[in-house]
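Trainee: Could you help me learn to read a protein structure? I would like to start with how chains meet.

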Number of protein chains: 6
Amino acid sequence: MTDFQHKSSPGLTHLDGEGRPRMVDVSGKETTFRTATAGGRVRLNREIADALGEGGLTGKGNVLRIAETAGIMGVKKTPELIPLCHAIRIDGVTLSCDLNAPEQRVEIRCTVWGRDVTGVEMEALTGVSVAALTIYDMCKALSKDMVIEGVRLMRKTGGKSGDYEAEGGSEDADS
Amino acid sequence: MTDFQHKSSPGLTHLDGEGRPRMVDVSGKETTFRTATAGGRVRLNREIADALGEGGLTGKGNVLRIAETAGIMGVKKTPELIPLCHAIRIDGVTLSCDLNAPEQRVEIRCTVWGRDVTGVEMEALTGVSVAALTIYDMCKALSKDMVIEGVRLMRKTGGKSGDYEAEGGSEDADS
Amino acid sequence: MTDFQHKSSPGLTHLDGEGRPRMVDVSGKETTFRTATAGGRVRLNREIADALGEGGLTGKGNVLRIAETAGIMGVKKTPELIPLCHAIRIDGVTLSCDLNAPEQRVEIRCTVWGRDVTGVEMEALTGVSVAALTIYDMCKALSKDMVIEGVRLMRKTGGKSGDYEAEGGSEDADS
Amino acid sequence: MTDFQHKSSPGLTHLDGEGRPRMVDVSGKETTFRTATAGGRVRLNREIADALGEGGLTGKGNVLRIAETAGIMGVKKTPELIPLCHAIRIDGVTLSCDLNAPEQRVEIRCTVWGRDVTGVEMEALTGVSVAALTIYDMCKALSKDMVIEGVRLMRKTGGKSGDYEAEGGSEDADS
Amino acid sequence: MTDFQHKSSPGLTHLDGEGRPRMVDVSGKETTFRTATAGGRVRLNREIADALGEGGLTGKGNVLRIAETAGIMGVKKTPELIPLCHAIRIDGVTLSCDLNAPEQRVEIRCTVWGRDVTGVEMEALTGVSVAALTIYDMCKALSKDMVIEGVRLMRKTGGKSGDYEAEGGSEDADS
Amino acid sequence: MTDFQHKSSPGLTHLDGEGRPRMVDVSGKETTFRTATAGGRVRLNREIADALGEGGLTGKGNVLRIAETAGIMGVKKTPELIPLCHAIRIDGVTLSCDLNAPEQRVEIRCTVWGRDVTGVEMEALTGVSVAALTIYDMCKALSKDMVIEGVRLMRKTGGKSGDYEAEGGSEDADS
């Protein structure tokens, strides 16, 4: 904690006592290894689920590969998009978009890790959101009845606030 | 339709017949006035809903104003985030983040409009997503049990595919 | 004026009646040819003025050419930097950084023009600001006693609000 | 031609008579339909050509799909990368990365089209360059002996300067 | 100092001996804690000062909160805007825009801090400039007679060149 | 190596076993001092070579200075352009564009260095590519018969994979 950091609103650390935005002071925090996994899904209709499902034969699975690429690039744009987010060192990212054809949805998972003084939760959540938007964009000529749902943090490790696991377990939380 | 446009995958217009990505040809489309409204919400817990609710007195409502600002800036970043999206002329944007304290959620609406040859749906959906992520970021010190839900197109007008209204009406669809 | 545009705060058109930010509706405005010239200056000390003045012989004048390049690129970044600014069509940009050695300052002028429904004032002002910051950056190893001053609109033409000329004439306003 | 445009260096229209950079005046030019096709290639060694060639079976062809996605996104970043380039309306983009296994190279083609007052050559060339760099990045763990070659304009149509066809025909020019 | 660093122009370290731009070598510099505070102001007329002054009651103070948000985002864009600036680790940012109604101006202060091998002066100055431009944008419908003035470094600490305090003291320098 | 890293395609480390893109795990790698030099050239015709050659007298040499500036800014944009590239700490950049008038080409060299866990090869190659595109843009009014050639890594040092020197020596490889 330095003297650059003024008294904050209780609980809302991104505002000072007068409601001004600020990028919170992380200069007193230690560099540790941190990970975060976020999840989400795009609810499809039957027509879109079928179109994506033919990917194995005709390359349509590429919709999901392009969304994964976009999501990883989105991870890197996090501090540009979220006003008070720190730019942090990222050691790796995995992002998967899996068609669940019977349930008519694409399940998205994004894991980000790195060694820095603040966490990578926003990066993982942004990766999921950008992947979901990309799927929406590529399928919207078929139908606009898609919904992006359940975008949330599933698990994080590292940092002072300790580990976190979404209620119900990270596997079930999606249903 | 120009001869630059090759045969596409049936229904998935962003892929050509071999599964390659492409930015779809809009050169044959007419400039018309187009609008799109997207919605979404951030589910909070009680503690966060209470903290945001004190805004009138202490400036904490600024969390929502900052999220609105971020969302509008996110609208302008849409073609940078979504790989195959065209950059289009935007005539105006409104974006609102409203605390629904009893239901413990923030309701987000984003309307984008402009005169161009392709629609503004992705812009409206991106605005909602970036606003939602910003709220998450600013409240996550209190709790990480937030979920971004129901991000979807509520209504669009203009363009060849005609007007669209989400099932159940744009007002109810959020519940 | 469309029905997407709600009642605004009197005079502060970028806020609606409840203080929310918005990108103002320009859908009812006509495309016209618009120009804007902004000016500003960087006040130097003697040492920096002398170092820049040797440019003719040793290539140090390149500091000013690099600042001009940065300023023109800054013009294009205006809608990314200014939250509620529309992205507009730009037909051309000139930007000059001239050393006034006796007065120990660099004079900056930026003119932007284009045919669109809203003006290019912010583009011209942003060009001047980014050029000024670039000069500061490249000279700060010599001294940090520089000041960016007098950044203002000097003249605009086109648009409903009509032509504008800064008081005192665009030539004198700088002194 | 407006009076905003000063005398230029003969032939080098991006510099004024004193060597300053400027974004050239296009306000007197007519909106026409314009296309540009650029080409280029990445020379590989045998090991990389073999690894990419297994794509049909194991998904490694995805390297080329990811490079195509990156190239299309690169097209949209052209005015951010090239200092004096105008941002223009793009109606469509196709970009292909094809493995030529016997010749041990990836052939890249990018076609961009749109209706605007200035051409899309730089967009097509930037798309090829970014796709080539992406292939380099994804294969460099195997070998660093790759070379990006033959990046050039193959054909353009539209605009005052008329149509252009690279010498030797656009098909042969690559060899 | 490595052998990558060639002889520079005396005093203008961002140019080599032949006038070429370069990003200066910081590989021999130590990581230390660094801070910088920059200031500036936007001179208003009476009408704008009055409009901003009603903020307490009607939310118009939000103009200043939005400008603060834009300024903090601008801090993060510094290495994109200033050609030869290093991207550095930022530990925190505060930025305030205060209406001085009697003097008809908004006073801007931006403090940036971090642990890195080079300073944060440009970040603080860029934050002030972007906040000032945002205020200009949001108030320009009322009057274009605003001027951005006195943008300068007020104080820095850390680094080899030692601490710096603007002449006259950081408090008075603004008048 | 963490458990976040799944089995990869043999040799193509940016794809996992199912062909998904990922940002490769560098969390187990050590911070070392790394350098990379890339080279390339723009082949001109006689008219352009002559126009650039008059730079000493009339400031046209500025084309090359502007291209160097753009190239250095391009270095910083590498992780935005190349989907799976890590953002890394850069300690310095030099970039030179030299007219070889007799051979009718501009020779480009870019050296990047820094202390990080992964290399700077892509940064150096991107710098060369963006500088080459900028030269193309500024000279294309004279002729479109330019070709960007020989963009390749010439030398790298540092990192686990050890030092690399392009075959034929970094000096000759360009011919």
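**Reading an interface, then a core**

Mentor: Happy to! Across the interface of chain A and chain B, two salt bridges are found. Keep in mind that this is a predicted model.

Trainee: Which residue of chain A forms a salt bridge with Lys77(B)?

Mentor: That is Glu80(A), with the closest N and O atoms 2.7 Å apart. Twelve residue pairs are also in polar contact between chain A and chain B.

Trainee: Which helix of chain A gives the most to the side that touches chain B?

Mentor: Helix 4 of chain A does, with twelve residues.

Trainee: Now the inside. What should I look for?

Mentor: In soluble globular proteins, nonpolar side chains tend to be buried together. In this model the largest nonpolar core has 306 residues, and Ile108(F) is one of those with the most contacts inside it. Among the residues in contact with Ile108(F) are Ala38(F), Leu95(F) and Val128(F).

Trainee: Why is strand 2 of chain F largely enclosed?

Mentor: Because nine of its twelve residues are buried. Strand 2 of chain F runs antiparallel to strand 4 of chain F, joined by twelve bridges, and Arg41(F) stands opposite Glu107(F) there. Eight bridges join strand 2 to strand 5 of chain F, also antiparallel, where Ala38(F) partners Leu153(F).

Note on methods: Residues numbered from 1 in each chain as written. Chains lettered and ligands numbered in written order. Predicted model: local features only at pLDDT ≥ 70, side-chain atom pairs only at ≥ 80, totals over all residues. Heavy atoms only, no water. Buried < 20%, exposed > 50% of the residue type's maximum accessible area, 1.4 Å probe, protein only. Helix = DSSP H or I, 4+ residues; strand = E, 2+ residues; numbered from the N terminus. Pairing = 2+ DSSP bridges. Core = buried A, V, L, I, M, F, W, Y, C linked by side-chain atoms within 4.5 Å. Contact = heavy atoms within 4.5 Å. Salt bridge = Lys/Arg side-chain N within 4 Å of Asp/Glu carboxyl O. Polar contact = N/O pair within 3.5 Å; in protein donor to acceptor, adjacent residues only side chain to side chain. Lists of a residue's contacts leave out its neighbours within four places in sequence.
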